[in-house]
Amino acid sequence: MFFDILMRDLKRKKTMNLIILLFVVLSVMFIASSVNNLLTVSGSLEGFFDKAGVGDYIAFERSGGSVTVKDAAARAKGVQSVRQEECIFLSHHEFESGRLTQETQSANTSLVSCLSHKIQNYYDSRDNEITEVADGETYVRHSLLENSGVRVGDRVTLTVSNVSRTFVVKDSLKDAVLGSRMMGNARFLISENDYKAFEKAEPLEPYLFYITFIDTDDVASIQKEIMACDAVAFSGDREMFRFTYIMEMIVAGILLIVSVCLIIIAVVILRFTISFTLSEEYRQIGIMKAIGITNGKIRSLYLVKYLALALFGAAVGLALSFPFGGMLLNVVSESIIMDHASGALLETVCSAGVVGIILLFSFLSTRRVRTYTPVDAIHSGETGERYGKKGILRLGQKPVRPVLFMAVNDILSSPKRFLTMLLTFFVGVSILMILLNVSSTLQSGKLLAWLNMADCHAVICEKSAIEKYMVEDGREKLDRRIADIKRALREKGWEADCFVETLSGVQVSFGGNTIRTPAVEGVGVSPAEYAYLEGTAPQNKREIAVSYIIADRLNAGIGDTVSVITAEGKTDCMITATYQSMMSMGDSIRLYPGQTHSFRTLTGLNDFQIRFTDSPDAADIERRIGSLREMFPNDKVMNADGYVDYMIGGISGILDGVTALLLPVIILIDILVAVLMEKSFLAKERGEIAMLKAIGFSNRSIIVWQTLRIGIVMTLAVGLAAALADPLGRLATGGLFVMMGAKNIIFDADVLRTYVFCPAVVLAATVCSVFLTALSVRKVNSNEINSVE
Amino acid sequence: MAAILEVKDLCKTYITNKRQNNVLRNVSFSVDEGEMVAVMGPSGSGKSTLLYTVSGMDGMTAGEVEFVGRDISRMKPRELARVRLNEMGFIFQQMYMLKNLSVLDNILLPARQSKAGRLSPKQKLERAKELMRRLGIIEIADNDINEVSGGQLQRACICRSMINHPKMIFADEPTGALNRASSDEVMKELCAINADGTTVMLVTHDAKVAAKCSRVLYIVDGNIQGEFRQSGSDDRQRERALNNWLLEMGF
C-alpha cells in the first residue's frame, strides 16, 4: 500500500516533488563538497608542512641586522635546530614575460631561491619532489602564473639590480611557506649556476634575504628573543603560516554558507509542501481515520515519500559532489599536496545528515495529520475553515487597478503563505549583495584607509629597484625623487603632494609586554592624513598611533606611554590614536615622520602616492593619470582603485568568480521556489480563478494578478536585502576582516552592479518564471467553478 | 420582443479515454429580451453544459450562439471575457467569492475591472451599495464572506452579477445550496430583476423555482425535448401546471 500511495503521489505532484528533489540534490552536493574541501584542505596542510619539512617557527630577515635570527635562536630556550637559506629579492617589479601586462603585474616583489640552498622540500604539479632544476629553467607557484597569465613553457626574465636572466617556466611549484595566495612574495626556484649569476649583481646586499626555520619546543621563547632582531620583516609559527592558506579555502567557505542556506530553504519549502499536501488530502486522511488507521500510520505514509525523495536526492547529490568537490580541490591542489583519504566517507556523512534533517522536518510537519477528523471528510472540509481568511485592505473607491489591489491584499491577508518565498528570495539576494559589496570594496580606492595608507589619487610604482632607497643615504635619494616628481607635476601645471611610506621593524614594550611589529613612517605626509579609529594623530616624535591589534596585544590604550626601540634607539612615546590595518595581519604602529635617518635597516617601502591639491574633478584625474603614464613610461601608474586591487590582487577576483558561480545558482533556486509556490497557489485557487473567469476577468488579468503577487514579494525581498546588505555583510564577513586586521568595515558598494543590475536579473528571471507558470490559468475553464472543491 | 440569445444546432462533445460523449446534440432555441427562462432535466442531461456553452464560459463543438446579434462562437477568449464582464451576469450554486475580500469588495470587483460605462470609482461604489440596499444586505457590506449566511452570500452574488448592468443573467442552480426560506428570497430578487427588464436564464431541478419563470425548457440526453410556457399569475397554479407537464415529460 505504501508503495502504491508513494507512486501515485509522485506522479500527481511531479513538479513539486521534482523541485524538492532538486533542492536536496543541490544541498547535498554543496554541503558534501564544501565540508570535504574545508576539512581536507585544513587536514592536508599539516601533512604538507610536515612533508616539506617546515620548521616550528619561521622568520624572514633582511641582511644587515644588528641582531640576527640566528643570534636570537642561540639565546632562545628549547631550540632543537636552526636552518637558514639565502634568497635574493628581484628588483621591484622586474619580472617580465611576453604575457605579462600592466594589469597582471603583481604588486609584490618576488624572490629567487636555489635548490641547493633549500631548507624545505619543494614539489611539482604532480606532487613529485623537485630534486633538480636545470640551468635556464624555473619553477614558480601556480597562483603567480594564474594571476600574471604566464603559462608553463613561457619565458620569464628576472632581474636583480644590473643582472637579468631569462628562464623557461618548467612547472608550477608547491611551496609550503610562500605558496599561498595571501603570501605576497612568490619564489622562483632556480639552479645553483643561475643563482650564482644573480649573486654577481651590484649592489647585492639590499636584495639579500634570509628564510630561517627554527625547530623548537618553546615557541614563546623564540618569539620573545626574535623581537630584538631589527632586520626581521616577518615571522611566525607554523599555525600562522597555515592560516595564510585561508584564501585557498574561501570558495569552499562561501559554498558551505550557501549550502546551509539551501538546507534551510529546502526544509522551509518542505514544510510548505507538506502543509499544502495535507490540506489538499484532508478527505483521504479523514476517511483513513474513519476506518481506524492510526495517526502514526497515516504520518508514516507521508514520511515514506519524503524519505524516498531525500534518499534519492542525497544519492544523486552525493554522486555529483565527487566531481564538484574534486573541481574545488583541484584549485587548492595546485598549491598544496592533498590528502584525499577522508573524502568519500565525509561526503557520505554529510549526505546522511541532510537526509536526517529532512526527515526530522517532515516528521514535525506531518503533526497536522492529528488535527484532521473523519467529520472533515464527511463535510468535504466545509467546516468554516475554507473561508477562514480575512481581508486586510478594502477596495472601496481607491483609485487602484483591481488586479494590483487583489495582489497586495492577498499578500497582506495571508502573510504566512508568502513568508517562505520572501525568506528564500531574501537569503539568495542577500548572499549576492554581500559578495558583491565585499568584492567592490576590495577593489575600491577607499580601502586605502583599511590598509592604513593615506588617501591619494594616483600611485607610481617604480619599475626600477625601490631597494635602491634602502641604503644608508636612502632618505636623501628618496627626498630627491619626491622632489623630482613634484617638479614634474608642477611643470604640468598641477598642484600635488607626493609621499611614500617606509616600513621598518621595531620593538614596543608596555607593562611587561614586549612585541616586535612593523612601524610605518610617512615621508612627505603628515600623520593627520590617515584614518584612525579613536584618538588624534601623533603631533610630535614622542607620540605614536598603534593598530588596535597592537593595542590589545600590549594591553595598552590611548594615553599610555610605551617604549619604542628602533634602529636609531629607544624612545618613550604616548599612544594618541588607534587605527586598523590589513597590512601584516593588522600588526603595525605609526611613527611621527622624520625619526628614521638611516634607511639601511628598512624592511620595505610602499609606492609613490600622489594627491592632487588643486581639486580636479574625476574626469580630470583620469586624464592626469593618463598623462602620468606618458611622463613615467617605465613605471606602473594607477588610480587609487587600481592600486588597491593591485595590492590585494586576486582576492576580489576570487570573489567575483564565486559571485559568477552563485548568480545562476541563486536564480535557479529563486525560480524553483517561485514555480513551486505558484503551482501550489494555482492548485489551491483553481475555484477562484474559474469564478473570476466566469464573471469576466480575462486570462491576462488573472495572469497579471498571479505574477504581481510574487513580483511584489520578490521586490520586497530585494528591498529588504538592499536595506540589510550592509549590517548583514558586516556580520557575515566581519570575522574574516577582523582576522586580517580590520574591524570597522565600511563597504564601498558598486551601487549599479550590487543594487540594480544583479537584483534586476534575479527579479526578472523569477518574475518571468512565475509568468510562464501562471500561463496555465488559460487551461482553467470557468465552468469548473461548480466542480472545484 | 427581439431575441437576445439565439442558439442554432449547438453540439458539445467531450472525449474521455478515447470515448466520445455527446453532451449536447443539435440544440436550438432562442431567448427573447426580458424573458425569464428555466432549463430543467434529469441529472446528466446537459443542463449546466448548455448554460455554460451559451454564455461563452465553455467552448462548443458545433453550432452557432448569437448573443445580442453577435456570434460568440467566433469570439476570441479576450472578447468573450469582455462580453461576460460587461453584458452578462452569473450566479452559481456554490457562492464562490474571493476569500480575501469583503462582501462589498467582491461585489465591486467586476465593476472596477470593467472599463465600460466610464463611471468613477466612487460612482461604482455607490452602485454596489445601492444594489446591496435593494437586496437587503447592506449591513454585511464590510463583513468577510465567512461571517455571513448562505442566503446573504447568494444575494451578494446576485448583486455582483448585476453590478455592470448586464443584458442577461445566467444562473446555475442558484438556490441549490439554500434552504427553502433563503431560496424563496433569492427567487424573489431574481424575479424583481427580471421585472426591471433584465433577461434571466437559469438551470434548476426545483419545479417551485422553475414555476417563477415564463418559459421552461426540458432537456434530456443533450436534446431539448419540450418547452412549457407559463400562463396565469397564481404561483400555486403555475407550479401545479408545470409539475403536470414535467410528469408528462417523464421527470
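**View 1. Strand 12 (residues 496-510) and strand 16 of chain A run antiparallel and are joined by 3 bridges.** This is a predicted model, in which local features need pLDDT of at least 70 and side-chain atom pairs count only at pLDDT 80 or more, while totals for chains, interfaces and linings use all residues. Residues are numbered from 1 along each chain as its sequence is written, and chains are lettered from A and ligands numbered from 1 in the order in which they are written. Helices (H or I, at least four residues) and strands (E, at least two) are DSSP runs numbered from the N terminus; two strands pair if DSSP finds at least two bridges between them. Across from A:Val564 in strand 16 of chain A stands A:Val508. Strand 16 of chain A is also joined to strand 17 (residues 569-579) of chain A, by 6 bridges in the antiparallel sense. A:Val562 has A:Cys573 of strand 17 of chain A as its bridge partner. Strands 16 and 17 of chain A make a hairpin, with 2 residues between them.

**View 2. Strand 16 (residues 561-566) of chain A has one covered and one uncovered face.** A:Val562, A:Val564 and A:Thr566 make up the covered face. On the uncovered face are A:Thr561, A:Ser563 and A:Ile565. Both A:Val564, which stands opposite A:Val508, and A:Val562, the bridge partner of A:Cys573, belong to the covered face.

**View 3. Helix 14 of chain A covers residues 415-441.** The helix has 27 residues and reaches 36 Å from its first C-alpha to its last. That is close to the 39 Å expected at 1.5 Å a residue, where the expected span is 1.5 Å times one less than the number of residues. Of its 27 residues, 22 are buried, and the helix is mostly covered. A residue is buried if 20 or more other C-beta atoms, placed from the backbone, lie within 10 Å of its own, exposed if 12 or fewer, and partly exposed in between. For chain A as a whole, 50% of the 789 residues count as buried.

**View 4. A:Arg12 lies in helix 1 (residues 2-12) of chain A.** A:Arg12 counts as exposed because it has 11 C-beta neighbours inside 10 Å. Between A:Arg12 and A:Lys289 the C-alpha to C-alpha distance is 23 Å, with 277 residues separating the two in sequence.

View 5. Most residues other than glycine have a negative phi, and most peptide bonds are trans. The peptide bond from A:Glu202 to A:Pro203 is cis, its omega being near -10°. A:Asp127, which is not a glycine, has a positive phi, near 70°. A:Asp127 counts as partly exposed because it has 13 C-beta neighbours inside 10 Å.

**View 6. Strand 9 (residues 215-220) and strand 10 (residues 223-229) of chain B pair in the antiparallel sense over 6 bridges.** B:Arg215 has B:Arg229 of strand 10 of chain B as its bridge partner. The two strands form a hairpin with 2 residues between them. B:Asp221 lies in the loop between these strands and has a positive phi of about 50° although it is not a glycine. With 14 C-beta neighbours inside 10 Å, B:Asp221 counts as partly exposed.

**View 7. Chain B has an open sheet of 4 strands in the order 2-1-4-5, with antiparallel pairing.** Strand 2 (19-32) and strand 5 (70-71) of chain B stand at the edges, each with a single partner strand, so one side of each has no neighbour in the sheet. Strand 1 (residues 3-16) of chain B pairs with strand 2 of chain B over 10 bridges. B:Glu6 stands opposite B:Ser30 of strand 2 of chain B.

**View 8. In the interface, 33 residues of chain B are in contact with 31 residues of chain A.** Contact here is a separation within 7 Å of C-beta atoms placed from the backbone. Helix 2 (77-87), helix 3 (103-113) and helix 4 (121-134) of chain B are the elements that give two or more residues to the side of chain B that touches chain A. That side has 16 nonpolar, 6 polar and 11 charged residues (nonpolar: Ala, Val, Leu, Ile, Met, Phe, Trp, Tyr, Cys and Pro; charged: Asp, Glu, Lys and Arg; polar: the others, Gly among them). The predictor gives the complex an ipTM of 0.85 and a pTM of 0.75.

Notes:
Contact = placed C-beta atoms within 7 Å.
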